[in-house]
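Please read them beside the sequence and the coordinates.

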Amino acid sequence: MQAVLMAGGKGTRLWAVTDNKIPKPLVPFCGKTLIERLVETLVANRITQIVICVGYLGEQIVNLLSDGSRYGAKISYVREEAPLGTAGALYYAKEFIDSDFLLLNADLVADVDFERMLAFHRQKQAIATLFVHPNSHPYDSDIVLKDEHDRVLQFDFKENKRDCDYENCTNAGVVIFAPEVLERFTAPKKLALEKDVIAALLAEGKPVYAYASPEYVMDVGTPDRLESAQKAFESGRVAAGNLSHTQKAIFLDRDGTLNVFKGLITKPEQIELIAGVPEALAAMNASDYLALVVTNQPVIARGDCSKEMLALIHKRLYTLLGNAGCYVDDLIYCPHHPDSGYEGEVKELKVDCDCRKPKTGMIEVLVKKYHIDLSRSFFIGDTYRDVQTGANAGVKTILIPSGADVERERFNARADYVVKSLPEALALMGIRFNPEGME
């Protein structure tokens, strides 16, 4: 795979750092420059054919990187004589591209297993694959709307009025394109990547997919974000999050652990966050643990709730968390229930499955998806069913009794720790809890 870096912008939001004397990609970053770190990351991911689109003060970038040989890369350059937006310079870059290519801005701090993303792109036979992830401020981010198979339906841009709940699935500005996309660039004109290029592909029904990953990708276009990324890089968190490395995870139950237990939840308005949960999740988000929800939802098999309604329930959960400045990295549920006799039940879901807790099918899916090391992971829940699930999976278990556990006698597992709240659980795990630092 090849890569195209967009490095033509002025970076006005960083003029407090650049003093308008250097292009944004040359901002000092942990002993080098932003663009040097990005080139090194690409090479480490075996992407060595790189095209850089330069514009404002671009000769400084060319002078620094030269042909790329000292970084183990081959770098070619194209120049925007006039600003062409976030995609227009691809008109000039297309003469260098003959395969699937990665497009990203040169002011990103990122470390992604791009081979894994490329495999997803090719398995889906996509014309474009967007890197998406949850963040702590989805309310002012561009949201990607996708179906259950990860096919992108449309964008919900941050300037839109949002009067409904939504999935915290934000566009990170990293895209893999099939080379035929370049046929659309027939003249050098100003184009916005999402609104002009990807939106046109969607309108034509082309296969555009969303690749969801918790790996580190951050636009450092402001001084605050630049400082945050520097701290993450220096701590090793940026590199460690690459999914080629094993990850640590906190598996979380839903009802009674994140949201107030109210019996079987069948409507979005029943979701109410437990006090202290947003602050605790924000601390997890700032740590090197993934926050992954695994929940039994027998309401589907029982006929109490449709899959479409459950999706709305989870969108309410994502929205409440996002509004509070935190997120979960993923949520997976079991729709089955082994017992029959319910009015309106869904017969094909009345099975003794491998995913219903305390069985470990859901955890096994997440282990494969995120390369998780179970020996360094935890399960936190409010019932002994959760404790048994964690024990069956081979992770340490933390019980936060909610008073809702009516099945305690059915399970033999004993929790490694019993605490009163999620923040107390984090203290046991050595995760710094700092509610003052939430966005």
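1. The largest cavity has a volume of about 50 Å³. A cavity is a set of points on a 1 Å grid over the protein atoms alone where a 1.4 Å probe fits but cannot get out; the volume is the space filled by probe spheres set on the points, which are joined across faces, edges and corners. By this rule there is 1 cavity of 30 Å³ or more.

2. The model is predicted: local features need pLDDT of at least 70 and side-chain atom pairs pLDDT 80 or more, while totals for chains, interfaces and linings use all residues. Residues are numbered from 1 along each chain as its sequence is written, and side-chain values use heavy atoms, leaving out hydrogens and water.

3. The lining of the largest cavity (residues with an atom within 4 Å of a point) includes Leu34, Arg37, Thr41 and Phe233. The largest share, 4 residues, comes from α2. The lining divides into 7 nonpolar, 1 polar and 1 charged residues.

4. Aspartate 165 lies in the loop between β10 (152-156) and β11 (170-177). Because its relative accessibility is 23%, aspartate 165 counts as partly exposed (between buried, under 20%, and exposed, over 50%, with a 1.4 Å probe and protein chains only).

5. Beyond residues up to four places away in sequence, aspartate 165 touches Lys315, Arg316 and Thr319 (heavy atoms within 4.5 Å).

Terms used:
On a 1 Å grid over the protein atoms alone, a cavity is a set of points where a 1.4 Å probe fits but cannot get out, and a pocket is an open set with protein on both sides within 12 Å along at least five of seven lines; lining residues have an atom within 4 Å of a point. Helices (H or I, at least four residues) and strands (E, at least two) are DSSP runs, numbered from the N terminus. Ala, Val, Leu, Ile, Met, Phe, Trp, Tyr, Cys and Pro count as nonpolar, Asp, Glu, Lys and Arg as charged, and the others, Gly among them, as polar.
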